[in-house]
Amino acid sequence: MSSQHSLPQLNQIDSKRICIIKPSALGDVVQTLPILPVLHERFPDATISWVIRDSFANLLEGHPNINEIIPFSRRSSARYWWQFLKDLKQRQFDLVLDLQGLLRTGIMTAATGARWRVGIEAAREGSHFAYNLTIPDTGRLVPAYLKYWRVSDALGLGETQRQTDVILSEADTSWAKSILDRQNYPTPTLAIHAGAQWITKRWPPEKFAAVGAKAIRHFRCNVVLVGTSDERPLTNHIESLLHKFVPTGRVLNLAGETTLKQLSAILIESDFLLTNDSGPMHLAAGLGTPVTGIFTCTSSLRSGPPGDQHELISTNVACAGSYNKRCPKRGPQNLCCMEELETGRVWQALSRQISHHVSQGNEKAA
């Protein structure tokens, strides 16, 4: 069991074939990216593979520290699953890092037969039985970005600067620049992501539209709406409201129209992102774009991005940060956190960010 192994053993091992098992979710994948340069520095001659959900594989393509992307289809047959595990075994990994910590990833880890099978303390569903080493201080209450960075600590390279690399093609960058048309619209660009996997994380679209409208009126912001194709009805609603509130405002609706690489390019070219606790929030933060993040059922301390350039706003209801995928309250109190987190508080946070950006721009111009 993991308790039999001390931390220095991971620091002292030699590895030639490494596998990261982190299929999802998008935000967690993004927060895991900084360990790649560290693994490469610690094991310069090793090949590094990454097991990732097929819908997220695009994000990893071209990364200089990944030798192999192993896409995994979550909705698959028993035959596919059996063959997938067999393929993992045949690759003969000697070091496997399961940073997901669920039943299916524990099974993947065990199936590799690797000499070193490493997991985190927050592992659930019996996945910890697959490990012979567990990274310390990676429990449920540890901030997510730190939880994954503990791998660097365990390898003796925790002082290395964290970097999130998403390799973009010239075509992706040029496309983002042209579609945002910053030359003809030189005022700040505000990206908005109003979606989230859980209903308890989705601040109302009407409130997003109200804040976006204020950004247009007060700072002449250009607004770009981002999201998945499933979130298109949501962004259509916000787009309609923005045109109603500020008919002269420039609003682009790109939900469902971007790859993850193109989304990354859009977020890099944007000046700010207004968002729920979601994958795009972590993607923007990792790429250096300031975030105004809205937290209802999740904790900004546990799930928010690091850095003082971000504005993270949390609801003050008693069940805030409970991580309930469904609201436990019934009747008029259902999703009361959405009502409690007022538009004014979010606008004040975003306004601070934009004002700081504008003042910095004026200082540079002077």
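Guide: Rings of Phe, Tyr and Trp (its six-membered ring) pair if their centres lie within 6.5 Å; planes under 30 degrees apart count as stacked, over 60 as edge-to-face and the rest as tilted. Phe72, Tyr80, Trp81 and Phe84 form one aromatic cluster. This is a predicted model, in which local features need pLDDT of at least 70 and side-chain atom pairs count only at pLDDT 80 or more, while totals for chains, interfaces and linings use all residues. Residues are numbered from 1 along each chain as its sequence is written, and side-chain values use heavy atoms, with hydrogens and water left out.

Visitor: Why is the pair of Trp203 and Phe208 called edge-to-face?

Guide: The ring centres of Trp203 and Phe208 are 5.3 Å apart and the planes stand at 80°, so the pair is edge-to-face. Both residues are buried.

Visitor: What makes Trp198 count as buried?

Guide: Buried means under 20% relative accessible area, exposed over 50%, and partly exposed in between (1.4 Å probe, protein chains only). Trp198 has 18% relative accessibility and therefore counts as buried.

Visitor: What makes Ile216 buried?

Guide: Its relative accessible area is 8%, so Ile216 is buried. Leaving aside neighbours within four places in sequence, Ile216 is in contact (heavy atoms within 4.5 Å) with residues including Leu242 and Val246.

Visitor: How do you know that the charged end of Arg302 sits over the ring of Tyr323?

Guide: A charge sits over a ring if NZ of Lys or CZ of Arg is within 6 Å of the ring centre and within 35 degrees of the ring normal. The charged end of Arg302 sits over the Tyr323 ring, 4.1 Å from its centre.
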